[in-house]
Amino acid sequence: MQVARNMVVAFEYQLKDAFGEVLDSSEKGEPMEYLHGVGGIIPGLEKAMEGRAVGESFQVIVPPEDAYGPHNPKMVQKVSRSNFGDQKEIELGMRFRVQTNIGPRIVTIVDIEGDDVTLDGNHELAGETLHFDITVRNVRQPTPEELEHGHVHGPGCNH
Ligand code: ZN
């Protein structure tokens with residue numbers, strides 16, 4: 001079977017940045033599943049999956065515009081340490097949810113200088129060119145319910 005629109009695809013992946021550093025990977029023996037052709041994964045990867053056969057391995061390089069978008073400097077903001085109130089431990093790389101005028105966002109502390117704390121609301125992979133090693137493990141028909149919902153139902157995920 002081949003990857004085609006509205007098929008459920010299971011694949012293993014390793015994700016590296018442009019310097020070859022591993023950023024993420026699927027757990028061994030636990031491939032990631034998605035419904036193909038409905039935007040369930042980043043566009044550049046979905047495009048590269050089209051027509052692949054079960055067992056096929058390939059590499060794909062996805063530029064930011066086909067992944068998590070460019071890094072937007074407007075989403076980087078300097079705030080005063082006093083904004084954190086009682087929270088005493090403030091460290092580089094800490095991530096938390098904040099309310100903004102466009103809804104809740106995850107921000108990351110990217111710089112701390114004296115009283116100034118710099119927050120970055122970009123996706124952590126924004127601006128990154130992503131290098132994927134992919135192996136297609138399975139392709140199957142979706143259940144009518146999965147097709148109707150537009151996503152895969154797995155263990156513990158039947159919403
Ligand atoms: Zn559902």
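## The E7–E8 pair and its sheet

Strand E7 (residues 103-113) lies antiparallel to strand E8 (residues 116-120), with five bridges between them. Two strands count as paired here if DSSP finds at least two bridges between them. Strands themselves are DSSP runs (E, at least two residues), helices are runs of H or I with at least four residues, and both are numbered from the N terminus. One spot to look for in this pair is Asp111, which sits opposite Thr118 of E8.

Which strands join E7 and E8 in the open sheet? The order is E5-E8-E7-E6, four strands with antiparallel pairing. E5 and strand E6 (95-100) are the edges, each pairing on one side only. From one strand to the next, the twist averages 45 degrees. Angles like that run from 0 to 180 degrees between N-to-C directions, with axes as lines fitted to C-alpha atoms (for helices, over the stretch in contact).

## What you're looking at

This is a predicted model, so local features need pLDDT of at least 70 and side-chain atom pairs count only at pLDDT 80 or more, while totals for chains, interfaces and linings use all residues. Residues are numbered from 1 along each chain as its sequence is written, and side-chain values use heavy atoms, with hydrogens and water left out.

The chain has two helices and nine strands, and from the N terminus on they come as β-β-β-α-β-β-β-β-β-β-α. With a radius of gyration of 19 Å, well over the 15 Å that the globule rule gives for 159 residues, the chain is more spread out than a compact globule. That radius is taken over C-alpha atoms, and the globule rule is 2.2 Å times the number of residues to the power 0.38. Along the principal axes, the C-alpha atoms fill a box of roughly 60 × 35 × 25 Å.

## Surface and contacts

Of the 159 residues in the chain, 33% are buried. Buried means under 20% relative accessible area, exposed means over 50%, and partly exposed is in between (1.4 Å probe, protein chains only). The accessible surface of the chain is about 9900 Å², and carbon and sulfur atoms account for 49% of that. These areas come from the Shrake-Rupley method with a 1.4 Å probe; for residues, only the protein chains shown count as cover.

Take the contacts between residues at least 6 apart in sequence: 62% of them join residues at least 24 apart. A contact means heavy atoms within 4.5 Å.

## E9 and its partners

E9 pairs antiparallel with E1 through nine bridges, and Tyr13 stands opposite Ile134 of E9. E4 also runs antiparallel to E9, joined by six bridges. There, Val60 has Phe132 in E9 as its bridge partner.

Lys16 is in strand E1 (residues 8-16) and Asp133 in strand E9 (residues 130-140), 117 residues apart. Lys16 is partly exposed at 22% relative accessibility, and Asp133 is partly exposed at 22% as well.

## The other salt bridges

How many salt bridges are there? The count is seven, taking a salt bridge as a side-chain nitrogen of Lys or Arg within 4 Å of a carboxyl oxygen of Asp or Glu. Among them is Asp66 with Lys47, whose closest N and O atoms are 3.8 Å apart. Asp66 lies in the loop between strand E4 (57-62) and strand E5 (76-80) and Lys47 in helix H1 (residues 43-49), so this pair ties together parts that are 19 residues apart in sequence. Asp66 is partly exposed at 22%, whereas Lys47 is exposed at 58%.

Arg52 and Glu56 also meet in a salt bridge, at 2.9 Å, N to O. Arg52 is partly exposed at 22%, and Glu56 is partly exposed at 27%. Glu33, Arg140 and Glu146 are linked in a network of salt bridges.

## A buried histidine

Is His36 buried or exposed? His36 counts as buried because its relative accessibility is 1%. His36 belongs to the loop between strand E3 (32-35) and H1. The C-alpha atoms of His36 and Asn6 are 5.2 Å apart, although the two residues are 30 residues apart along the chain.

Setting aside neighbours within four places in sequence, the contacts of His36 include Val3, Ala4, Arg5, Asn6, Met7 and Val9. Glu46, Met49 and Glu50 are also in contact with His36.
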